[in-house]
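The sequence and the structure are shown first.

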Amino acid sequence: MTKPPLTIYLAAPRGFCAGVDRAIKIVEMALAKWGAPVYVRHEIVHNKYVVDDLREKGAVFVEELDECPQDRPVIFSAHGVPKSVPQAAQAREMVYVDATCPLVSKVHIEAQRHADNGLQMIMIGHKGHPETVGTMGQLPDGEVLLVETVEDVAKVDVRDPSKLAFVTQTTLSVDDTADIVAALQARFPAIVGPHKEDICYATTNRQEAVKAMAPKADAMLVVGAPNSSNSKRLVEVGARAGCNYSQLVRRADDIDWRALDGITSLGITAGASAPEVLIEEVIGAFEARFDVTRELVETAVENVEFKVPRVLREPA
């Protein structure tokens with residue numbers, strides 16, 4: 001039986017970013033240096049396949065530091081942690097490695113710098129997300145106020161409207177964040193913004209690729225995890241950019257084939273914590289059912305690489 005034709009538009013960039021790649025390397029290098037088990041506070045990145053692979057190699061994932069024994073190394077996830085976490089590790093004389101993405105660390109430094117200058121912080125982010133918790137935890141309680149929407153801006157209660165600054169979570173929708181920033185600037189004209197955009201290059205690049213790809217496709221799939229902020233934003237961006245069906249899938253088993261009945265074109269991308277092997281798995285599932293032609297939609301070329309901490313580059 002002849003397979004129906006399908007054009008797959010493959011977004012570029014997609015998948016792993018430099019911060020995710022670095023975080024995974026840190027866990028692997030820690031296991032090579034100290035042996036198993038190595039403890040990791042929170043999922044190192046938000047992807048079950050990656051976490052399960054590292055677990056098989058000897059990583060133990062926990063949510064809180066007090067779940068870790070004092071005599072084994074602990075790694076802090078790429079999302080960052082409140083200041084209280086490394087302080088507690090030091091107090092227990094634990095060996096720890098900080099795998100916080102350098103672009104998240106940049107936001108932490110910005111927040112501290114503004115606080116040192118007497119400014120109260122407003123953070124644009126998602127309540128409860130590990131990155132938001134980590135950034136807000138850089139300063140004392142009450143010094144960072146969270147807004148999630150334009151509507152929140154009207155309700156936020158600040159100490160002094162003339163002494164404010166804002167930072168953002170690095171994985172937000174570029175367009176949504178621009179609207180929130182505009183609302184903040186309209187209500188608080190003196191508010192100070194970051195020297196450089198807080199939303200990271202990888203988030204921005206993946207969203208731009210989706211915007212270019214979505215209008216061409218009958219449907220779009222984002223390979224990623226449901227707890228991955230940047231992956232969920234890609235789904236939203238695809239829908240807004242003109243794709244009638246934009247969905248998140250962990251891997252090929254999650255594909256809703258009935259919803260895709262009759263399509264002739266499909267866009268595929270992946271969140272920054274999804275490995276290429278899962279993207280190929282999804283494409284393979286379509287190749288089993290369709291006569292697939294691949295077409296790359298490339299909007300940027302990424303060559304960013306972050307160094308791992310010195311402690312892992314030194315001999316054991």
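The largest cavity has a volume of about 260 Å³, and the structure holds one cavity of 30 Å³ or more. The model is predicted, so that local features need pLDDT of at least 70 and side-chain atom pairs count only at pLDDT 80 or more, while totals for chains, interfaces and linings use all residues. Residues are numbered from 1 along each chain as its sequence is written, and side-chain values use heavy atoms, with hydrogens and water left out.

**Cavity**

- A cavity is a set of points on a 1 Å grid over the protein atoms alone where a 1.4 Å probe fits but cannot get out, and lining residues have an atom within 4 Å of a point.
- Grid points are joined across faces, edges and corners, and the volume is the space filled by probe spheres set on the points.
- The largest cavity is lined by 21 residues, of which V20, H79, T170, T171 and N230 are the closest to its centre.
- Two or more lining residues come from each of α1 (18-34), α4 (102-116) and α9 (229-240); helices (H or I, at least four residues) and strands (E, at least two) are DSSP runs, numbered from the N terminus.
- By class, the lining has nine nonpolar, eleven polar and one charged residues, where Ala, Val, Leu, Ile, Met, Phe, Trp, Tyr, Cys and Pro count as nonpolar, Asp, Glu, Lys and Arg as charged, and the others, Gly among them, as polar.

**Helix packing**

- The axes of α1 and α2 (residues 48-57) come within 11 Å and cross at roughly 5°; axes are lines fitted to C-alpha atoms over the stretch in contact, with angles from 0 to 180 degrees between N-to-C directions.
- Helix α1 is therefore roughly parallel to α2, a term for angles under 35 degrees.
- I24, V27, E28 and L31 of α1 meet V50, L54 and K57 of α2, contact being heavy atoms within 4.5 Å.
- This contact has five nonpolar, no polar and two charged residues.

**Aromatic pairs**

- There are three aromatic pairs, counted for rings of Phe, Tyr and Trp (its six-membered ring) whose centres lie within 6.5 Å.
- F76 and Y96 are stacked (planes under 30 degrees apart), at 5.2 Å centre to centre and 25° between the planes.
- Because F76 lies in strand β4 (residues 74-76) and Y96 in strand β5 (residues 96-98), the pair ties together parts 20 residues apart in sequence.

**Backbone geometry**

- A12 and P13 are joined by a cis peptide bond with omega about 5°, and P13 is in the loop between β1 (5-12) and α1.
- The A36 to P37 peptide bond is cis, with omega near 0°; P37 lies in the loop between α1 and β2 (38-41).
- H42, which is not a glycine, has a positive phi of about 75° and lies in the loop between β2 and α2.

Technical notes:
On a 1 Å grid over the protein atoms alone, a cavity is a set of points where a 1.4 Å probe fits but cannot get out, and a pocket is an open set with protein on both sides within 12 Å along at least five of seven lines; lining residues have an atom within 4 Å of a point. Angles under 35 degrees count as roughly parallel, over 145 as roughly antiparallel, 65 to 115 as roughly perpendicular and the rest as oblique. Rings of Phe, Tyr and Trp (its six-membered ring) pair if their centres lie within 6.5 Å; planes under 30 degrees apart count as stacked, over 60 as edge-to-face and the rest as tilted.
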